[in-house]
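Here is a short briefing on one protein chain. Look at the structure first, then work through the points by topic.

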Amino acid sequence: MILSCQNISKAFGTDVIVSDASFHLEEREKAAIVGINGAGKTTLLRMIAGELDPDDGSISITRGKKLGYLRQHQDVNSTATIYEEMLKVKKDLLQMEQSLREMETRMRAFSENSRGNGMAAGGFAATASEAGGSATNGSADEYTQLMERYNRVSTEFENRNGYAIQSEVTGVLKGLGFTEEDFERPVCTLSGGQKTRVALGRLLLDEPDVLLLDEPTNHLDMSSIAWLEGYLQNYGKAVLIVAHDRYFLNRVATKIFELDNGHVTTFEGDYSAYSQKKAQMREIQWKAYLNQQQEIRHQEAVIAKLKSFNREKSIKRAESREKMLDKIEVLEKPSEIRSDMHLRFSPREPSGNDVLQVRHLAKAWPGNLLFSDLNFEIRRGERVAVIGDNGTGKTTILKIINGLEAADAGAFTIGSRVQIGYYDQEHQLLHMEKTLFEEISDVYPDMTETEIRSVLASFLFTGDDVYKRVSDLSGGERGRLALSRLMLSNANFLILDEPTNHLDIISKEILEEALRNYTGTVLYVSHDRYFINQTATRILELKNRALINYLGNYDYYLEKTEELTRLYAPASSEKESAGPSASKEERARRKEELSQKRRQQNELKRTEERIQALEERDREIDALLADEAVFTDVARCMELTNEKASVSEELETLYEKWEQLAE
């Protein structure tokens with residue numbers, strides 16, 4: 001056990017964040033803290049990191065172990081370049097390397113002096129004897145000590161992977177989405193998200209024994225998140241994560257700590273296992289709570305009835321029941337699953353079948369071509385996700401369709417009766433100076449105060465919350481407000497830019513359910529792979545300045561990405577090197593591959609049909625052998641027994657063949 005939290009509690013005024021929580025983390029274990037926004041996940045991390053003291057209880061880390069903490073927001077103003085900032089983590093190794101170089105220089109000087117005296121580097125003793133003094137003996141001793149120290153330091157340097165410092169730093173920076181051109185940028189010139197990535201990179205290079213990560217995927221694109229997943233899976237030390245990315249949690253976490261109403265509950269397994277167990281537990285808790293409440297009401301009714309008889313015996317029996325009732329340990333009411341947040345998108349009218357047609361679209365910024373000759377169509381009822389690395393132009397496509405950016409070339413056509421509802425990830429469509437009430441009433445002046453309050457309440461804004469300024473809201477609260485406006489629009493074509501940013505897991509699940517039940521059309525950009533998997537009917541990947549179309553969800557995309565990228569969006573170097581003959585050879589190769597695949601599929605089908613027939617015959621033989629008319633007929637019985645053995649032997653062969661074909 002490397003981290004132990006025993007009976008810790010924390011409250012701010014009357015707001016209890018953590019109450020009597022106990023949990024632990026083993027060495028090399030990967031765990032996650034989950035809970036709704038405001039549950040206190042970051043507070044819990046800060047207590048473990050030593051930035052906050054618990055009101056009660058204790059937090060202990062194994063003696064001599066190092067803890068590293070990634071905060072959500074970083075205020076780094078270093079004038080060093082990104083690369084220099086990362087190298088600071090390896091300062092002791094760099095100093096060790098410098099020391100080695102200095103020792104090598106001194107050893108070369110000894111060697112040169114020895115050769116100048118006409119002797120080998122190892123002949124210090126002879127030189128001392130001839131000189132009749134101790135100075136050279138001192139030099140020999142000094143050389144021996146230098147060699148011993150050099151061997152010690154070089155061994156430690158090698159054991160700590162000192163020779164791979166440069167490649168390690170480069171690998172981490174590229175994995176987190178920085179290009180080699182970015183390496184020389186001063187850290188103080190970076191955006192908040194880029195600074196957070198630099199801080200994450202430093203932390204990974206530092207390799208603490210306990211790694212605390214607060215929303216590490218917030219500023220990463222899909223490629224970087226996938227790289228981080230692999231890095232953490234192979235990280236040989238303990239990791240504790242707060243994240244809303246369920247796909248990420250499934251890939252990394254093997255234990256879940258749920259923080260709910262101040263209580264911490266431990267679940268073994270990944271997020272999906274936690275979600276299933278939580279649903280089962282919630283059902284059991286609700287049944288137990290409702291049954292107990294029913295029993296309490298029943299006993300109270302019986303007590304009231306006995307007392308109404310107004311007889312000594314009846315009153316004594318009533319009092320006895322009251323004493324029993326007082327001794328019952330009343331179960332706490334299970335927390336609600338945010339049933340008070342309601343989100344339903346309802347188009348005012350259906351659109352035509354052709355919702356959007358994009359032809360030959362192109363866009364570039366100075367010195368940066370985003371995309372060219374993009375062509376795609378969207379039809380009514382589709383839910384299309386646009387994915388790709390940061391900076392490829394996904395948001396730009398949405399802005400062009402919404403008229404917020406102009407295309408350099410190409411055009412798009414909006415279909416008949418199409419009404420667009422737009423969700424902007426930066427929430428620039430919200431007015432920071434307005435209150436929540438004004439934000440709704442100014443856009444929908446015909447709504448009454450009661451109707452506006454009802455809508456805002458359905459997005460968890462109640463009481464005086466409606467008079468808060470938009471500028472005072474958190475990112476998640478602004479997201480919920482923007483969703484409320486979008487819901488009221490009754491649009492039949494929703495265009496959403498990173499709709500799950502800043503939403504907690506339960507809010508994401510509510511949004512997923514709303515989109516699955518939506519009868520209109522959806523086009524959205526998202527990095528949330530779990531969300532895409534739950535909602536998308538089609539995926540458009542923007543890669544190498546081209547669009548690749550995947551007719552399925554994210555699981556289908558993972559299955560087909562390599563094959564379709566090679567066919568429809570090869571890297572520019574591949575395009576340049578592939579001439580007409582290469583294209584012809586590629587087509588022939590693909591044709592042969594498809595032909596071979598069809599032959600394998602046909603063979604697999606025939607094998608399955610034969611297995612099915614033999615299994616059916618095997619069952620028939622068993623039934624016959626159980627028939628008295630058969631098992632009393634020795635000749636018939638032997639015949640069927642031999643046939644059964646033959647069937648079993650053939651089945652065994654076919655099972656092996658099927659397994660090979662299926663692979």
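Which residue in β8 does V34 stand opposite? V34 stands opposite E258 in β8. Keep in mind that this is a predicted model. The protein chain averages a pLDDT of 85, and 89% of the residues score at least 70.

**Confidence**

- Confidence in the protein chain is highest in strand β16, residues 521-525, at a mean of 96.
- Helix α4, residues 124-131, has the lowest confidence, with a mean of 40.
- Over residues 119-136 the pLDDT stays under 50. For this stretch the model has 17 contacts beyond four places in sequence.
- The pLDDT is also below 50 over residues 574-583. That stretch has two contacts in the model beyond near neighbours in sequence.

- Strand β3 covers residues 30-34. Five of its five residues are buried, so β3 is largely enclosed by the rest of the structure.
- K30, A32 and V34 point one way from β3. A31 and I33 point the other way. All of these residues are buried.
- Strand β7, residues 238-242, is joined to β3 by four bridges. The two strands run parallel.
- K30 has V239 as its bridge partner in β7.
- β3 is also joined to strand β8, residues 255-260, by four bridges. This pair runs parallel.

- Strand β12 spans residues 383-387. Five of its five residues are buried, so the rest of the structure largely encloses β12.
- Both faces of β12 are covered. R383, A385 and I387 lie on one side, and V384 and V386 on the other.
- β12 pairs with β16 in the parallel sense, over four bridges. Here V384 stands opposite L523 of β16.
- Four bridges also join β12 to strand β17, residues 538-543. β12 and β17 run parallel.
- E541 in β17 is the bridge partner of I387.

**Nonpolar cores**

- How many residues are in the largest nonpolar core? The largest nonpolar core has 53 residues. L213, L232 and F248 touch the most other members.
- L213 touches L45, L70, L200, L203, L232, V239, L240, I241 and V242, leaving out residues up to four places away in sequence.
- A second, separate core has 45 residues. Among them are I387, L483, M487 and F531.
- V239 is the β7 bridge partner of K30, and I387 is one of the buried residues of β12.

- Helix α1 covers residues 41-49. Its buried residues include K41, T43, L44, L45, M47 and I48.
- The axes of helix α6, residues 165-175, and helix α8, residues 222-233, come within 9 Å. They cross at roughly 130°. That makes α6 oblique to α8.
- On the α6 side, the contact is made by G171, V172 and G175. On the α8 side, it is made by S224, W227 and Y231.

- Three strands form an open sheet in the order β11-β10-β13. The pairing is antiparallel.
- Which strands stand at the edges? They are β11, residues 368-379, and β13, residues 409-414. Each has a single partner strand, so one side of each is left without a neighbour in the sheet.
- Neighbouring strands of this sheet are turned by 15° against each other on average, direction ignored.
- Strand β10, residues 354-365, is joined to β11 by eight bridges. L356 has I378 as its bridge partner in β11.
- Helix α12, residues 394-401, lies across β10, β11 and β13. It runs at about 60° to β11.
- Why is α12 described as largely enclosed by the rest of the structure? The reason is that six of the eight residues of α12 are buried.
- The buried residues of α12 are K394, T396, I397, L398, I400 and I401.
- Just after α12, G403 has a positive phi of about 75°.

Technical notes. Residues numbered from 1 in each chain as written. Predicted model: local features only at pLDDT ≥ 70, side-chain atom pairs only at ≥ 80, totals over all residues. Heavy atoms only, no water. pLDDT = per-residue confidence, 0-100. Contact = heavy atoms within 4.5 Å. Buried < 20%, exposed > 50% of the residue type's maximum accessible area, 1.4 Å probe, protein only. Pairing = 2+ DSSP bridges. Core = buried A, V, L, I, M, F, W, Y, C linked by side-chain atoms within 4.5 Å. Axes fitted to C-alpha atoms, helices over the stretch in contact; angles between N-to-C directions. Parallel < 35°, antiparallel > 145°, perpendicular 65-115°, else oblique.
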